Amino acid sequence: MSVAAGIQSSPDTHISVVDLTMAYGDFVIQRDLNFSIQRGDIFIIMGASGCGKSTLLKHIIGLKSPAKGSVYIDGTNFWTSPIDKQERLKRHYGVTFQAGALWSSLTLAENIGLPLGEYTDLSPATIREVASLKLSLVGLAGFEDFYPAEISGGMRKRAGLARAIALDPEILVFDEPSAGLDPISSRRLDDLIKELRDSLGTTVVIVTHELASIFAIGTNSVFLDTESKTMIAEGNPVVLRDHSDDPRVRSFLNRGEL
Amino acid sequence: MNPESESRTPAQLGIEQEKNSAVLLRLTGSWRLRDPLPTADSVEQAIISAGGGTIVFDATQLTAWDTGLLTFLTHVQSLAGQHEMDFDRAGLPDGVRRLLELAEAVPIATDTGRSKQPDSFFSQIGNVALDLYRSGPDMVRFVGEVAQSVGRLFQRKAQFRLSDLWLLIQQAGPEALPIVSLISFLVGLIFAYMGAVQLQQFGAQIYIADLVGIGMVREIGALMTGIIMAGRTGASYAAQLGTMQVNEEIDAFRVLGISPVDFLVLPRMLALSLMVPLLTLYAGVVGILAGLCVAVFVFDLGVFEYYHQTVRALELKHFAIGVIKGSSYGILIAIAGCYRGIRCGGSAAAVGQATTSAVVTSIVFIVVSASILTIVFQVLGI
Ligand SMILES: Nc1ncnc2c1ncn2[C@@H]1O[C@H](COP(=O)(O)OP(=O)(O)O)[C@@H](O)[C@H]1O
Ligand SMILES: [Mg+2]
């Protein structure tokens with residue numbers, strides 16, 4: 001109770017994770033996670049492959065319920081809220097999945113248009129214009145009528161991002177956005193994320209291994225460890241790289257060189 | 001001697017018992033995978049008779065080696081370990097020693113979560129039973145979600161694209177006509193022929209018309225169509241939705257607050273529940289035509305005679321029963337296919353499993369509901 005009260009009293013906290021334990025069946029992935037994400041943060045979730053980063057994202061966006069503990073969004077406990085409240089909270093999110101997760105039977109424009117048609121009263125022509133705009137933001141202008149199978153993996157990721165920002169969400173969530181992107185596209189993506197944060201005040205949560213973008217855009221982070229099955233560091237990534245007490249964290253952020 | 005012919009000298013193994021309780025293995029010639037190599041079993045004899053000590057090597061005559069030598073050596077090393085002998089690598093070439101060390105650098109993983117021993121027969125049976133027990137409530141929950149979605153359909157709140165529905169209807173209806181025609185013609189043919197041979201003994205061939213007409217329209221048409229559609233369309237639904245699950249497309253719907261049941265399951269269920277009864281009627285007609293062919297060409301009945309007998313035998317209720325059965329099978333196939341697809345695991349192999357179990361589940365559902373419906377209609381006297 002005191003925790004919840006504490007969260008409500010801090011208006012800048014957007015998401016907070018309290019005593020979270022995540023498990024698939026009996027198999028615990030991570031336990032005792034505690035951190036909070038401020039409005040306008042670019043929050044990085046890092047850790048070795050298989051440590052549970054994607055699983056943590058699924059808990060934050062309401063796809064998987066915690067084994068223990070809770071996730072608060074705007075001070076509301078997500079998993080104890082009634083279903084319709086959960087649905088409304090979910091609408092704060094725009095998510096890009098690890099593989100893009102575009103709907104394969106729809107063209108790119110239809111992929112972006114589907115959530116717009118669902119939650120706005122825009123005319124089909126306007127929806128098409130919005131879709132084109134979002135595609136050009138991610139550098140895919142002219143690909144409106146392509147199906148996901150007809151474009152490359154990196155392009156699919158960017159199209160997934162265009163769909164995620166279709167409804168101008170308050171919270172933007174990425175699972176490994178730059179994996180599989182060339183350096184230029186990856187840099188463009190960083191710029192776009194920063195721009196969205198600066199102009200729309202979007203809170204961004206990113207799972208990434210890309211050290212260059214971690215240091216370029218990250219304002220806060222958590223580090224998940226596989227062996228101890230919990231978080232072993234929290235804070236600004238640049239500060240962690242230079243001043244973390246934990247050799248595992250410094251080694252990760254310095255590409256294995258201590 | 002040129003190196004090519006030198007490297008072709010066959011691999012030979014000399015085993016010598018040294019005085020200081022050592023076994024010397026002399027490796028000569030070319031030890032490569034593609035050469036015929038001595039087996040480590042011959043060494044085992046020497047190791048057993050030595051009864052302890054050290055294994056040493058002389059590789060001065062070795063001309064070429066690759067993985068073939070390495071596997072031989074690891075085998076010898078494990079034999080040495082079993083019989084408590086030391087394994088002295090000093091006589092081996094440098095490259096061989098380094099690769100053997102590399103292979104030992106990371107110890108064999110034991111905590112990978114897999115047990116070495118395969119499950120015993122009884123624990124496999126137990127696991128299957130537990131899986132069934134657990135998947136029961138989950139399936140009921142899924143059926144509940146589908147029912148809610150149908151409720152939303154009638155409130156005009158369900159979200160799916162009409163163009164999807166048209167495409168699904170096209171795939172489940174017209175495109176299934178050739179295979180349904182083929183199978184129901186064949187079944188009608190067999191049915192008529194088998195029946196007629198018996199009826200002929202009483203001179204009652206004309207009753208083929210009753211047999212084929214009522215049988216096909218009321219029972220067999222629906223059953224055959226159901227089984228064809230389970231293999232054809234139910235499997236394809238499971239594969240489509242399973243692949244979408246693997247690609248996280250279903251998660252993408254959930255995050256956006258769009259119900260995947262509304263968007264994906266509902267149109268598929270509508271398509272099948274509309275098309276399977278129509279196909280059932282069609283299968284009945286094709287079966288009757290097949291019966292007609294047998295009656296006319298094999299048993300010398302007249303076309304009109306057969307036609308009138310069929311019309312006399314068939315009542316509207318038979319068609320109604322066929323249609324009721326057809327739509328129930330359609331709904332069940334859609335539920336089984338979509339359920340297996342949406343609950344699919346995260347890999348290509350899981351999609352294959354989902355497809356298989358979609359067909360099996362559909363057919364089990366069809367058989368169970370066919371029995372229940374037949375009993376119900378019997379009790380109601382129709
Ligand atoms: N659906 C699932 N069922 C069971 N275990 C899973 C499932 N998804 C992931 N895992 C396991 O959870 C762990 C973390 O996975 P994940 O969150 O995808 O890691 P990553 O940090 O690489 O994104 C892994 O050990 C993985 O094997
Ligand atoms: Mg991941």
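This is a predicted model: local features need pLDDT of at least 70, side-chain atom pairs count only at pLDDT 80 or more; totals for chains, interfaces and linings use all residues.
Residues are numbered from 1 along each chain as written, chains are lettered from A and ligands numbered from 1 in written order, and side-chain values use heavy atoms, without hydrogens or water.

**Stop 1: ligand 1**

Select A:Y24, A:I29, A:S49, A:G50, A:C51, A:G52, A:K53, A:S54 and A:T55. Each has a heavy atom within 4 Å of the ligand. Now show helix α2 (residues 53–60) of chain A, which gives the largest share, 3 residues. Helices are DSSP runs of H or I, at least four residues.

Zoom to A:T55: a side-chain N or O atom sits 2.5 Å from a ligand oxygen. For A:S54, a polar side-chain atom is 2.7 Å from an oxygen of ligand 1. The protein covers 56% of the 560 Å² of accessible area (Shrake-Rupley, 1.4 Å probe) that ligand 1 has on its own.

**Stop 2: chain A against chain B**

Select the contact (heavy atoms within 4.5 Å): 21 residues from chain A and 15 from chain B. Next, pick A:E110 and B:R161. They form a salt bridge (Lys or Arg side-chain nitrogen within 4 Å of an Asp or Glu carboxyl oxygen), with the closest N and O atoms 3.6 Å apart. Then select α3 (83–90) and α4 (108–119) of chain A, the elements giving two or more residues to its side. The largest share, 5 residues, comes from α4(A).

How values were computed:
A polar contact is a pair of N or O atoms within 3.5 Å; within protein, one must be able to donate a hydrogen and the other to accept it, and residues adjacent in sequence count only if both atoms are side-chain atoms.
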